[in-house]
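Trainee: I would like to learn how to read some features of a protein model. Can we go through them one by one?

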Amino acid sequence: MKLLFHLGHPAHFHLFKNTILKLKSLGHDVDVLIKKKDILENLIRDSGIEYSNILPEGRKDSKIGLLLGMIKRDLRLLKFCLSKRPQLLVGTSIEIGHVGTLLGIPSLNVNEDDADVVPLYAKISYPFSTKIVSPRVCNNGQWESKSIKYEGYHELAYLHPEHFEASREIASRYVDLDKPIFLIRFAKLNAHHDEGVRGISNDLAKKVVDLLKQHGQVYITSERPLNQELESYRLPVDPLDIHHVMAFASLYIGDSQTMAAESGVLGVPFVRFNDFVGRIGYLDELENTYELGFGIKPDNEEKLIQKLEFLMDTKDLKIEFQRRRAKMLEDKINVADFLLSLILGFNDNK
């Protein structure tokens, strides 16, 4: 089977890597395309998976930049597909639906954000996608009828116990595992759907650091520049190893959706602080059904501090959250295996 995966974000490398490697091991012809986005190219290059970058120059973070970038990717993906003639397009990008519709190639749009959280993406991609593949709790709006739902989250495609086991040896290269570890994450919050979204300010970050450092080691990973004081806490870690460090953390705090969910599925308590709280189905489920984390909106900084104090004072916190994780895993599936079965059986079921 000739397949083409198009990845647009570092998280999507993790989402698809196990499925891609399995397909290749089964003898399928798999092409992987990416665009320039943060550390995406570093991740896929270091993994050894062959790929082509169809937008190495990147794009500007503006409405015009978004439009020009999409047009360039459409044309370059079209040229690639005319040459390779894949039988199925898989990915998280707008372009696979556009080019797939034009050339009569089916496309699987794999997404976990509710349609009203990414309205522009949904409006210009979902009408052209053959199927939308998403967690059961994800609301795909008017495109629910073309959705394929599953019991899981993207993060269970690479952090499910059948695919990932945290390594003390790897984690200890970066942190002292004999002391409590507190991991803080700052996202850029500059995507088109992030407009007007607030997260953790530098002033609040300093308060959080001052509180946490009394109880253990504080490490920061950040997509955005840090001031000099916070920079001293930055964790220099190979992106391929970050999940090993995360798995041994006592607590995660941040304004990133993905790392919050990753912490949750690893059984590490997370506190998410941004304006997306209450709006994203899969995170709401992790927080409210499985109680693996807590979402706090930016208008309530005091609540954040109180929640951190409560968690640090909670006895046997790690044991309790591993119990909650076990309950979540009982209910959810290995998403990489699900995607593999879906792709291999798609021609028979479409």
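Mentor: Start with Arg324. It is buried, with a relative accessible area of 17%. Buried means under 20% relative accessible area, exposed means over 50%, and partly exposed lies in between (1.4 Å probe, protein chains only). This is a predicted model, in which local features need pLDDT of at least 70, side-chain atom pairs count only at pLDDT 80 or more, and totals for chains, interfaces and linings use all residues. Residues are numbered from 1 along each chain as its sequence is written, and side-chain values use heavy atoms, with hydrogens and water left out.

Trainee: Which residue forms a salt bridge with Arg324?

Mentor: Side chains of opposite charge can pair when their charged atoms come close. A salt bridge is a side-chain nitrogen of Lys or Arg within 4 Å of a carboxyl oxygen of Asp or Glu. Here the partner is Glu320, with the closest N and O atoms 2.8 Å apart. Glu320 is partly exposed, at 24% relative accessible area.

Trainee: Why are Glu320 and Arg324 separated by about one helical turn?

Mentor: An α-helix has 3.6 residues a turn, so residues three or four places apart point the same way. Glu320 and Arg324 are four residues apart in helix H13, so about one helical turn separates them. Helices (H or I, at least four residues) and strands (E, at least two) are DSSP runs, numbered from the N terminus.

Trainee: How many salt bridges does a search of the whole structure find?

Mentor: It finds 19. One of them joins the side chains of Arg136 and Glu151, at 2.5 Å from N to O. That pair links distant parts of the chain, 15 residues apart. Arg136 is in the loop between strands E6 and E7, and Glu151 is in the loop between E7 and helix H6. Arg136 is partly exposed at 43% relative accessibility. Glu151 is partly exposed too, at 29%.

Trainee: How should I read phi at Arg85?

Mentor: Most residues other than glycine have a negative phi. Arg85 has a positive phi of about 50° although it is not a glycine. Its place is the loop between helix H3 and strand E4. At 45% relative accessibility, Arg85 is partly exposed. Asp316 also has a positive phi, near 55°, and is not a glycine. Asp316 sits in the loop between helices H12 and H13.

Trainee: Where is the kink in H1 centred?

Mentor: The bend at a residue is the angle between axes fitted to the seven residues ending there and the seven starting there. In H1 the kink is about 45°, centred on Phe16. The helix, residues 10–25, reaches 23 Å from its first C-alpha to its last, close to the 22 Å expected. The expected span is 1.5 Å times one less than the number of residues.

Trainee: Why is H1 largely enclosed by the rest of the structure?

Mentor: Twelve of its 16 residues are buried, so the rest of the structure largely encloses H1. Among the buried residues are Phe13, Phe16 and Leu23. Just after H1, Gly27 takes a positive phi of about 95°.
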